[in-house]
Amino acid sequence: ARSSAAAYLSTPAATADGTRILTYVNIADPSDVEAIDIATCDGVGLMRTEFLFSHGLPDEDTQYRAYARVLEWAAGKPVTIRTVDAGGDKPVPGFTVQEGNPFLGLRGIRLSLSRPEIFRAQIRALLRAAVHGTLKVMFPMIAVPAEYAKAKAMFAEEALALSARGTVHRMPPLGIMVEVPSVAIAPEAFADVAFFSIGSNDLTQYVMAAARDNAAVANLNDTAHPAVLRLIREVADFGAARGIPVSLCGDAGGDPPLIPHLLRAGLRELSAVPAQLAAAKAAIAEVTL
Ligand code: PEP
Ligand code: MG
């Protein structure tokens with residue numbers, strides 16, 4: 001099965017009845033791209049940036065170089081970079097705080113908005129890197145529209161500051177992760193975002209009240225549960241009705257048994273870790289919609 005799955009790598013993903021499915025890769029360390037042939041995917045669906053924060057807080061130039069490197073590698077294909085999602089299962093010394101319920105606390109966009117100088121350095125790095133390719137930026141753990149509005153305003157402010165200094169930059173489309181149930185249940189509050197990317201890892205744990213890192217409740221942590229799939233379908237329908245692209249970048253996107261459920265829920269863009277890309281494309285090819 002392994003070699004036959006690998007045969008799918010070289011062709012664009014499509015279902016058995018011919019619906020094209022955009023397939024992206026998830027990356028973390030910018031050097032991940034060295035092992036990936038850009039021709040095998042439609043771009044990067046999720047670049048996690050926590051890796052850059054694992055040896056202390058990175059400065060703006062270090063981040064700029066990391067993002068620019070991935071954008072250059074992608075050669076014009078879209079690269080979706082997520083602003084830092086520290087906290088929860090991803091503690092960052094010197095940045096995240098000690099708290100009783102880290103999955104329900106100051107993580108993702110909440111933490112970034114509470115430490116604006118750290119967030120603004122990442123924003124400037126992204127704005128500068130954007131000229132090196134087709135960048136899209138998304139925010140993790142958005143729960144209410146005010147968080148998106150604040151982050152978007154900070155992008156506009158930093159772009160103005162870069163302009164004033166004569167620094168080359170570009171404003172990327174700004175989207176949000178759909179991983180907090182409030183967003184999936186009431187997406188109409190977010191009709192002004194450029195795109196949605198469903199984070200099925202967190203969406204599943206929050207809908208099922210089953211921590212993603214606790215083996216004792218792994219049986220409950222099920223993206224194929226009808227409650228989770230219903231939310232995914234509603235977000236896909238909302239995006240289609242409003243012309244807002246919807247993709248999925250959680251681990252489910254590279255999980256062959258889940259892929260038929262995701263496509264039947266209406267998704268047409270999936271992102272998977274590189275090791276699962278061939279298997280994901282093979283699973284897509286078996287689905288009849
Ligand atoms: C998710 O929650 O599905 C996701 C893609 O983000 P992370 O796994 O980094 O929390
Ligand atoms: Mg998440």
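Predicted model: local features only at pLDDT ≥ 70, side-chain atom pairs only at ≥ 80, totals over all residues.
I started with the UniProt record: its unreviewed entry puts "binding site" on R48, R82, N201, D202 and R212. The positions use the numbering here, feature names are shortened, and such annotations may be inferred rather than shown by experiment.

Residues are numbered from 1 along each chain as its sequence is written, while chains are lettered from A and ligands numbered from 1 in the order in which they are written.

Next, I checked R82. I found R82 in strand β3, residues 78-82 (strands are DSSP runs of E, at least two residues; helices are runs of H or I, at least four; both are numbered from the N terminus). R82 counts as buried because 25 other C-beta atoms lie within 10 Å (buried means 20 or more, exposed 12 or fewer, partly exposed in between, with C-beta atoms placed from the backbone). Beyond neighbours within four places in sequence, R82 has contacts including L46, R48 and M177 (contact means backbone-placed C-beta atoms within 7 Å).

Then I looked up D202, which sits in helix α7. D202 is buried too, with 24 other C-beta atoms within 10 Å.

Which residues are around ligand 1? I listed L46, R48, D85, E179, G199, S200, N201, D202, C249 and G250 (near means a backbone-placed C-beta atom within 6 Å). Helix α7, residues 200-208, gives the largest share of this shell, three residues.

Conventions: Contact = placed C-beta atoms within 7 Å.
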